[in-house]
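Subject: Structure for your review

Dear colleague,

Please find below the structure that I am handing over to you. I would be grateful if you would read the notes with the sequence and the model open beside them.

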Amino acid sequence: MVKPGNSKKTNWVKVQKDMTKRGIEYSFWNNLEYRLGKDKYTSTQNDTFMALALAMRDRLIGQWLITQERFHDQNLKRVYYFSLEFLIGRLLETNIDNLGLWKETMQAMEVLGLDIEELRECEYDAGLGNGGLGRLAACFMDSMATLSIPAHGYGIRYDYGIFRQKIINGNQVEFPDAWLSNGNPWEFERPEYKVKVRLFGRTRMFTDENMKLRVEWVDTKNVLAMPYDIPVPGYKNDIVNTLRLWSARSTEDFDLEYFNDGDYERAVYAKIETETISKVLYPNDNVNRGKFLRLIQEYFFCAASLADIIRRFKTENKDLRKFPEKVAIQLNDTHPSVSIAELMRILVDVEGLDWDIAWDITVNTFAYTNHTVMPEAQEKWPVAIFENLLPRHLEIIYEINRRFLSDASKKFSVNNDILRRISIIEETEPRAVRMAYLAIIGSHSVNGVSELHSHLLKTEIFKDFYEIFPERFNNKTNGITERRWLHKANPGLSNLITETIGDKWVTDLYQTQKLLKFTEDASFRKKWEKAKKENKAALADYIYKNNNIVVNPESIFDVQVKRIHEYKRQLLFAFYIIAQYLRIKNNPKQEFVPRTCILGGKAAPGYFMAKLIIKFINNIAEVINKDKDIKDKLKVVFLENYRVSLAERIFPASDLSEQISTAGTEASGTGCMKFMLNGALTIGTYDGANIEIADAVGKDNIFIFGLRVEDINKLKQNNYMPQAYIQNSPLLKEAIKLINDNYFSCAEHDIFRHITDHLLYSDTFFICADFNEYCAMQDKVAKVYSDKNNWVKKSIINVAKSGKFSSDRTVSEYARDIWGVPVKA
């Protein structure tokens, strides 16, 4: 590293704001020496990353403070985004990009003799989420800042994010993801804003001095919520919003009495137990202890966030009845819905407002986004657990439920059967609190995340509620930020697009429609194809280094990367791979379009079937990749530890996007949008956002197959028999026989019998029914791909029609229709 000449008159305050190459050099060295205490001889690679990251953070701070001062001075209405997940990934390149400092930073690093590509690999992915939900939250934060919406994100600062996945003998093995082990250069601890969160205890009724009956929550166990702030910059607009994440701290470091008696373990027990709240993302809730901790996590961050919001509101406002005029809270799925009961507790018990006034404030403050059609994800908590942990909140929920059912009975002539169906309390054994119902009843807006999903919410999942509150239900199709998923992740294609149509598309993705007129331009198509080839070569190199598998960059890169779940049907893809393998083996002289099947994703640690699917895919890969008869006609790769930074390598290199969930099970999906934005074509079912992608690109530029929702409903009604479909599919029948003969598990007999038995006797997600049509559509894919000019045209059309799928469009619709805040494009 080369240190720039120093001057005794150097003004370090000015240096921290200096956006030039020289300013970044000086700031880098200042951080390395005076913040990290290192020089060029003692510094590690991580130190140089930290020094650069802190230099970028310094340049965000001035904009951040000015932004927050303006929000306060103008007393603007703010949006608060509550999410249990924020899958923000790495931030170095995103922050450099949004500051508009790429050129200057690259020049500074060149002078310093540093490679920014190497430095970025030092940064841990902040894996504070499981998948699409957390990544959507991160995209929304980026869009809100870019659209100049006054916004704060609230979540949990997990010490350990989603686990680090290793594949050992084909099996997923989970390791802790210690993303904070080398420090986080982007965050600021804010102890002055810590919040005391109460748990357990009991309630006490009393009459106050005005002879009003009141309730007090007493004898609680307390925990401190310590806030950490991460600045979230908009794209080149000097707006910096805030992501505030809460970390659990004990109210006392240790019990001095136990310590003095020599019982050191007991002395710190309470501290250790308390701080487990924010230790790990989503504990395994297969057991009661896991359920308990997860509910604590949800309440912990909701209670801390609401206390913080009310504190901020009161700095400029006095009348709580005007709270919804200054505060919009968006619940990102059902996890934060306990906030509704918490705000009612604060307004009624603490602030002394009448119930009806408090309820009006609450409903007009909250809006609820539902993200799933899967029943197990709608969140139900056993009453016994709820009563133990949050006794006052359960009383409030009972009262909300009583009033709601009474109104429903009087105003809507609802009968007893419907009353049972819509009750927040499910009268089963054990009794349970239905949190999605609380979210619907306590919010002024309820939205789905794709047109199909929103339709299903109204006609099936929440049909009774839609008939009571039709005005509350609306659709907001999900989106992704083009700044991360094209501009940053795919610089080759991004630069080509900018050279061709200008750079306005970075903040207005509809501008990409201008690319349509270049589909017939042979020179442009060549450049487009070159960008894709370079990305495929880079991914092929990554695969060789990490998996020791040689893949052919000229083959179709056929990709399915997402959370492993039965409804997402990685099994359908796996059975297609076996079928293709059989066809090649049975017809050795036949020409086949070479195909590289790339999969990745994590299974929940307690989800047996999902983990078995990972093992199944890896065993298939082991057999096929070692079969000399196959050569490079078919390769199978499972990329371990799928995460945001790996996704940024995969999407730009993909030719075909596998979006093959059972129709009616995927609420939206955003992976499909990321593939589309990077020029991949989609093979998919009529499900989630696939439908809207098909509408955008036209049926000739997407490969849609399979049963639709109405077809599946009919099969369910007519006692679906998967064996009939197996008998009608020689390839599927042969594949099942091969598996049962232990062809893919010669050393582990019958390990996959559970998979084949499931297909034969239940096939919950209709793999057998869709198999033949899926294989036929894959044949069509191969035929179209063999005509490279035609394929490239379709790739260009997909990118050109991606405008609707920007999170900027989605967030603008939330702002207009739900939050009531202006957008500055």
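This is a predicted model: local features need pLDDT of at least 70, side-chain atom pairs count only at pLDDT 80 or more; totals for chains, interfaces and linings use all residues.

The overall fold

The protein chain contains 35 helices and 25 strands. Its C-alpha trace extends over about 95 × 80 × 65 Å along the principal axes. The radius of gyration is 28 Å, which agrees with the value near 28 Å that a compact globule of 825 residues would have. Of these 825 residues, 60% count as buried. Among contacts with a separation of 6 or more, 76% are made by residues 24 or more positions apart.

The accessible surface of the chain amounts to about 33,500 Å², and carbon and sulfur atoms contribute 50% of that area.

Arginine 35 belongs to helix α2, which covers residues 21-35. The side chain of arginine 35 forms a polar contact of 2.9 Å with the side chain of aspartate 58. Arginine 35 and serine 143 are separated by 108 residues in sequence and by 32 Å in space, C-alpha to C-alpha.

Alanine 51 is part of helix α3, residues 45-73. Its relative accessibility is 0%, so alanine 51 counts as buried. Beyond its neighbours within four places in sequence, alanine 51 is in contact with Phe28, Asn31, Leu32 and Leu36. Glycine 183 lies 132 residues from alanine 51 in sequence, and the two C-alpha atoms are 12 Å apart.

Threonine 105, in helix α5 (residues 102-112), is likewise buried, with a relative accessible area of 0%. Leaving aside neighbours within four places in sequence, the contacts of threonine 105 are Ile24, Leu52, Met56, Ile96 and Ile116.

Aspartate 229 in strand β11

Which side chain makes a polar contact with the side chain of aspartate 229? The partner is arginine 190, at 3.2 Å. Aspartate 229 is located in strand β11, which runs over residues 221-233. This aspartate counts as buried because its relative accessibility is 4%, and buried means under 20%. Not counting residues up to four places away in sequence, aspartate 229 touches Trp64, Trp186, Glu187, Phe188, Arg190, Thr242, Leu243 and Arg244.

Backbone features in the loops

Lysine 236 sits in the loop between β11 and β12 (240-250). This lysine has a positive phi of about 50° although it is not a glycine. Its relative accessible area is 51%, so lysine 236 is exposed.

Lysine 631 is found in the loop that separates α25 (608-626) from β22 (634-639). Phi is positive here too, near 55°, in a residue other than glycine. Lysine 631 is exposed, as its relative accessible area is 62%.

The loop between β16 (425-426) and β17 (432-434) holds proline 430. The peptide bond between glutamate 429 and proline 430 is cis, with omega about 0°.

Helix α32 spans residues 753-761, and its buried residues are Ile755, Thr756, His758, Leu759 and Leu760. Which elements cover these buried residues of α32? The cover includes α24 (570-586), α25, α30 (722-727), α31 (730-740) and α33 (767-785). Just after α32, aspartate 763 has a positive phi of about 50°.

Yours sincerely

Notes:
Residues are numbered from 1 along each chain as its sequence is written. Side-chain values use heavy atoms; hydrogens and water are left out. Helices (H or I, at least four residues) and strands (E, at least two) are DSSP runs, numbered from the N terminus. The radius of gyration is taken over C-alpha atoms; the globule rule is 2.2 Å times the number of residues to the power 0.38. Buried means under 20% relative accessible area, exposed over 50%, partly exposed in between (1.4 Å probe, protein chains only). Contact means heavy atoms within 4.5 Å. Accessible areas come from the Shrake-Rupley method with a 1.4 Å probe; for residues, only the protein chains shown count as cover. A polar contact is a pair of N or O atoms within 3.5 Å; within protein, one must be able to donate a hydrogen and the other to accept it, and residues adjacent in sequence count only if both atoms are side-chain atoms.
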